[in-house]
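Good morning, colleagues. I would like to take a few minutes to walk through one model. Please have a look at it first.

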Amino acid sequence: NSSAAFYQSQGATPSIASLMGGKWIEEPDSQVGLGSQLTLENFTNSISKNTGTLTKLGTSTVDGQGVVGVHSSKGGTVYIDTNGIAYPVEFVGSSKTNGSGTIAFSAWNLAPTPTAPKGARTVQSFG
């Protein structure tokens, strides 16, 4: 649900933007630029370019979950699940330039598949 101004900024004509503005638009992920591009592999590839030297820290636990730590010479450690799929469980930042803090991840692949709200229209329905 975006404004007409947003759609115009993305290249829609003023008349199409005014039709779409303020309405939910239903499109498959592949049509809106997410789809297969939004993957763990692509995410890790995008951040790996500036990671510095990576060092495996060994196994430990985060909130009772078995993990292996990987530390970057540029600051920060990612803890990866060692049981099942190797999802990141926690990022711990410790960089002078990028700051510090912790981001925890849980419930991978447990969310229900989203559905379009009632009244959503497809882009094709605008003619």
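Predicted model: local features only at pLDDT ≥ 70, side-chain atom pairs only at ≥ 80, totals over all residues.

Let me begin with Ser 9, which counts as exposed because its relative accessibility is 53%; the classes are buried for under 20% relative accessible area, exposed for over 50%, and partly exposed in between, with a 1.4 Å probe and protein chains only. Residues are numbered from 1 along each chain as its sequence is written, and side-chain values use heavy atoms, with hydrogens and water left out.

Ser 9 belongs to helix α1, residues 4-9. Helices (H or I, at least four residues) and strands (E, at least two) are DSSP runs, numbered from the N terminus. A polar atom of the Ser 9 side chain lies 2.6 Å from the backbone oxygen of Phe 6.

**The chain as a whole**

The protein chain holds four helices and five strands, in the order α-α-α-α-β-β-β-β-β along the sequence. Of its 127 residues, 19% count as buried.

**The hairpins**

Strands count as paired if DSSP finds at least two bridges between them. Strand β1 (residues 54-62) and strand β2 (residues 65-72) run antiparallel and are joined by eight bridges; Thr 55 stands opposite His 71 in β2. The two strands form a hairpin with two residues between them, and Asp 63 in the turn has a positive phi of about 50°.

β2 also runs antiparallel to strand β3 (residues 77-81), with five bridges, and Val 70 has Val 78 in β3 as its bridge partner. This hairpin has four residues between its strands, and Gly 75 in the turn has a positive phi of about 105°.

**The aromatic rings**

How many aromatic pairs does a search of the whole structure find? The search finds three. Rings of Phe, Tyr and Trp (its six-membered ring) pair if their centres lie within 6.5 Å; planes under 30 degrees apart are stacked, over 60 edge-to-face, and the rest tilted. Tyr 87 and Trp 108 form a stacked pair, at 4.5 Å centre to centre and 5° between the planes. Tyr 87 lies in the loop between β3 and β4 (88-95) and Trp 108 in the segment after β5 (99-104), so the pair ties together parts 21 residues apart in sequence. Tyr 87 is buried at 17% relative accessibility, whereas Trp 108 is partly exposed at 33%. Ring pairs link Tyr 87, Phe 91, Phe 105 and Trp 108 into a cluster.

Conventions. Polar contact = N/O pair within 3.5 Å; in protein donor to acceptor, adjacent residues only side chain to side chain.
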